[in-house]
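Student: Could you take me through a close look at one pair of packed helices, and then carry on into the neighbouring topics of burial and salt bridges? I would like a single connected account, with the cut-offs spelled out.

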Amino acid sequence: MMMIWMKANKLIYFLFEENIEKSITKLKKLHLEIPETFASTSEAGNSTGETDPLSTEHDFPDLKRHKIETEDLDSESSEDSVEENKVGKLVNSRFRENVITQSIINIAGNNIDYDGPRNHSLSCEEIVNATAENLRKLLKTVVDEKCGREYGRTVEPVDLVLVKYTGQKDNDPEKERETLARLVDKGNELKGDITVENMFERAKIEAEDVEKDKKSVGVVGAVGVGKSTLTKVIGKKIFDKKILPNASLVFYITVGTIDLEQKTDLFEFLFSSLIAKGSFSIDEAEKKELINFILQDPNTVVIIDGLDEAKTENLHSYPHVSPFKQAKPMAVLYNILNGKLLINAYKLVTSRITQFIDASPEYRPKFVLEILGLAPSEQQKLARCVCGEQFDRVWKILQDNPALLECCVVPVNMLMALNFLLGGGGTLGTITFTGVYIAMLNRYIHSKHCDFPDGMDVVKKLCDLGFYGWQNNLSLYSDIELEQFGIPLATQQAFVNTEVEDFAIRILRQDKVSYFIHRSWQELLVALRLVLFMPLNEFKSFLENAFESGDIENVVKFCFGICKDSVFTKARRLSPAAQVGKIVKKKNFLGLIAEIKAKKLSESVTESNKEHDLQKWFHLFACLNECGSNDISLPVTKLLPTVAYIEGSVFSSDITNMASLYKLNNTTLNLKKVILSFVGNALQSFGKFVHEHSVKIDDFSLRHCPDEQLQFAGSFLPHVERFGVSRFGSLRDSADRDRKNMLTLARSIKAGLLQIDHPHQMKELRLSYIPFGDEFVSILSSGVGKVAELDMRYIDMTSGGAVKLGEHLEMETTQSMVRLDISKNKVGDIGACAITKSIHKMKKLKMHNCGITCKGMPGITQNILNSQTKIPYLDLSWNKFGDDGAKELGKCLHLVEELYLCECDITSVGADALAGGLSKLQTPMDELDLAGNPIGDRGAAAMSKCLSNVKSLGLGGDISGGCGITSDGISHIASGLLSLQEPMNSLDLSCNKFGDDGAKKLSKCLHQVKKLDLFGCGIKSTGVTALIGGLSTLQTPMEKLRLDGKLMRRINADDLKILKSKVEELEWSWF
């Protein structure tokens, strides 16, 4: 979760509480002229101690900002006038409640003084310190954006949701659970949500051994969801030393402000977005010193905002570049991303999702966050803040228009919709989001902001400007360019936002440049030009391959939206030059390219992979629903996939768009795999879609959803074969709030299970690694009879929950549960005994590390004996019941087919007892695993006498140690093997240090074991030679042999050839 601030209809990134004295000091430090009214009022208040200068309203004169030049002895500051309410300008406003509006700068940089090194005698340390200090000043200017409050408006924090992005690689849920288990076992578990405070720590864990990814974080999200906001949050936290407190040099780079055609070197690239051209003074020697430091420095931070504004295709073609030589900016950028440059630096890069995926994995960080937008409760909070007394009226309109409300999880969309509704819009009919943009544009051109001469076509000129910038990949416009399109300065300031003086970009050499307040506005203008003004042939040419490019997907959606009859009626009125005669043909052409796209998606499946990725259809679904024409949609519905999967994040609008298309043609759907993070009300919409369309789901994993949506998690369980919940958000800790949410989830799952008609209709329910606790288990227990496999590992269940679960298991009279896993829960002796009363109803029972002691073993053993039936699988590993527990189990080995007793503190005494039980068996056990128990040579000798009564025997361990078996113990085992009439299936002797001597003894009986594990046994060249000699005599190859990886270097080619010919699966292990 991250925090942003909302004010009226604008996002406020930061709110600074300052007293008057500190504010004046800051303004003076920035060479800002202090308004006399402000200064005198402050002094008066301070002198008397009675007057609060902020308790009275003041109308200040226009503030003047001094341009700050490079500090030379003879230089003087020159004055520039300041416009109101523009980024890069000082805002003229009233100061209320100790809030001071500060000087701010556009992220592209303003003409700010750089006190950089200029003397060859300066040391590297002095150069770096001077640079760091100035970068900190500039960073503060970057992040101090738009501070202040409107009169009478309450400012409240609004949360955005951050989750781990999973769309860039195959994320198998079971593999992810195993990774989490390893982190927990190693004590590396990170509590709580993913936050900006812990994201770099998470990146280091996720990167594993990939050096370039250990300090790199990616951030992706939809248009307007807050990616740039997040970078400023991070910048502010770095400035305040709340994250990366040792950060030395911090570079903030906005890709959209860089001339991608003008060559640059690493130094110029890093400073391009922060320092105005001509204001940086440093000679070549000092520059080289600084770059060498940056290349080696582990505390440099590089924030790259807007990767999607660069070209992301063909990235493999960028070669390594020298940090000191000129190269295209894209080459420098991607050498930073792939670690060829600045591998030691912390790196953060933001992008829209589509363009991020288009980039080669070589350039993408391994750990990527996705911003999901506003939770439902936060939408209401924001609406209350913006709407004030009109909240009830506006919120009701939003609820009556679910398609519009579903888009409001994105902050920019929410603010746009609220402004639209506050202005009286949205009272008639169904509203689309394109309709909202058109209405807002119409309101703008009739507002006082427009300063066009009477009769001038405002929209046509704005569309021409937007299209010109789109064609030329421009995000900034000079005054000259604005004049070419006939756009008065006052108009562009109000709509395009914002003047920035002395911009340091080579392609724009004018004194002032402007840019659109948000990219979506430019995309709308491009779409309007296409639909309203562009000739039909050019329209077709431009959009012919529209669905194949992620760069124009929003433009395409706007085109479809403008073609909706009700929206087009309003759009055509925006300009007298609108060409309305071709709209039907343009609309039909959009339908044609939609059908072509659907055909391509339908034909994209292969024989090996017949499942469609529904995420690839979502953009098409959105376009068709924005248009709202059945004539266009029907041909596409005939091509909808019937077998598919979905993985990633989904908005409620994605689900409703999909549902409307499937409903239109009543198409059936089988979802093989669903791994989703649900945004806003998407989970509720998904459950409704599944239920109403009878969608069959083979495997469902809930990665994330808002707390308010947990009540719908079980609403579609009768349609699911396998269901799992990942550890996310409020399902991490045992706080009261989280506990309430967990119980809500339990009731929802229970309700869903009780709707299932047949026992074991749900093949698997996965609830592991979430601290649900006993109350959750108690609620859920009554529905477990409908589940074949229940995974409840590490859920903070104690004996109380286990007893309740055991009671419900006893009451079930249906067929056996396939698998129950309650490992890593401290259920203790009482809980274990309660569960094992129903052990005869289970094919697999895993109670690994459950706190079972020798006191509980008599009860467990008695329950096994009472079952009077074979127990296929029982895992009691990591329970420290020792020899006494082993003696109890020795009494019931005839009823257990597979028994796992790893790390149970069993010694040779316990091994003797187990061997006694084995010797009495009439039919062999399938497997007995005693790995990690210190049975020693005496225990090995005992087990060797009954090898004929166990098909697979585990006497190994891990790198911390095996069973303490030496060469003497191997002598007994070898003797036992030679006495067998049939070979064993497998024998694990790993991590027992019997060395070459033991290997020689084993080499004489290799024909008596199909699979042999000798990893970590201290075997060297002599022992390997003996083993190869034994293998060479085999008439039938051994199925599997595991050895130390380091032995590979000691084996010659001929011996290696024998190994490969005599072993079907040869495994070399290094750890």
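**A helix pair, then burial and salt bridges**

Tutor: Gladly! Helix H25 (residues 630-637) and helix H26 (residues 652-665) have axes that come within 9 Å and cross at roughly 80°. That makes H25 and H26 roughly perpendicular to each other (angles of 65 to 115 degrees count as roughly perpendicular, under 35 as roughly parallel, over 145 as roughly antiparallel and the rest as oblique). On the H25 side, Asn630, Ser633, Leu634 and Thr637 make the contact, and they meet Leu661, Leu664 and Asn665 of H26 (contact means heavy atoms within 4.5 Å). Sorted by type, the residues of this contact are three nonpolar, four polar and no charged. Here Ala, Val, Leu, Ile, Met, Phe, Trp, Tyr, Cys and Pro count as nonpolar, Asp, Glu, Lys and Arg as charged, and the others, Gly among them, as polar. The axes are lines fitted to C-alpha atoms, for helices over the stretch in contact, with angles from 0 to 180 degrees between N-to-C directions.

A word on the basis of all this: the model is predicted, local features need pLDDT of at least 70, side-chain atom pairs count only at pLDDT 80 or more, and totals for chains, interfaces and linings use all residues. Residues are numbered from 1 along each chain as its sequence is written, and side-chain values use heavy atoms, with hydrogens and water left out.

Stepping back, the protein has 39 helices and 30 strands (DSSP runs numbered from the N terminus: helices are H or I with at least four residues, strands E with at least two). Of its 1071 residues, 59% are buried (under 20% relative accessible area; exposed is over 50%, and partly exposed lies in between, with a 1.4 Å probe and protein chains only). Among contacts between residues at least 6 apart in sequence, 77% join residues at least 24 apart.

The buried ones are Gly882, Asp883, Gly885, Ala886, Glu888 and Leu889. Their cover includes helix H32 (857-867) and helix H34 (908-919).

Now the salt bridges, 25 in count (a side-chain nitrogen of Lys or Arg within 4 Å of a carboxyl oxygen of Asp or Glu). One of them joins lysine 880 and aspartate 905, at 3.9 Å from N to O. Lysine 880 sits in the loop between strand E23 (874-875) and H33, and aspartate 905 in the loop between strand E24 (898-900) and H34, so this pair ties together parts 25 residues apart in sequence. Both ends are partly exposed: lysine 880 at 41% relative accessibility, aspartate 905 at 42%.

Two further bridges link a pair of strands. Glutamate 1065 pairs with lysine 1040, their closest N and O atoms being 3.8 Å apart. Glutamate 1065 belongs to strand E30 (residues 1063-1069) and lysine 1040 to strand E29 (residues 1038-1044), so parts 25 residues apart in sequence are tied together. Arginine 1042 and glutamate 1067 form the other bridge, at 3.6 Å from N to O. Arginine 1042 lies in E29 and glutamate 1067 in E30. Arginine 1042 is buried, at 18% relative accessible area, whereas glutamate 1067 is partly exposed at 26%. Elsewhere, salt bridges with shared partners join Asp699, Arg722, Glu764, Arg766, Glu789 and Arg819 into one network.
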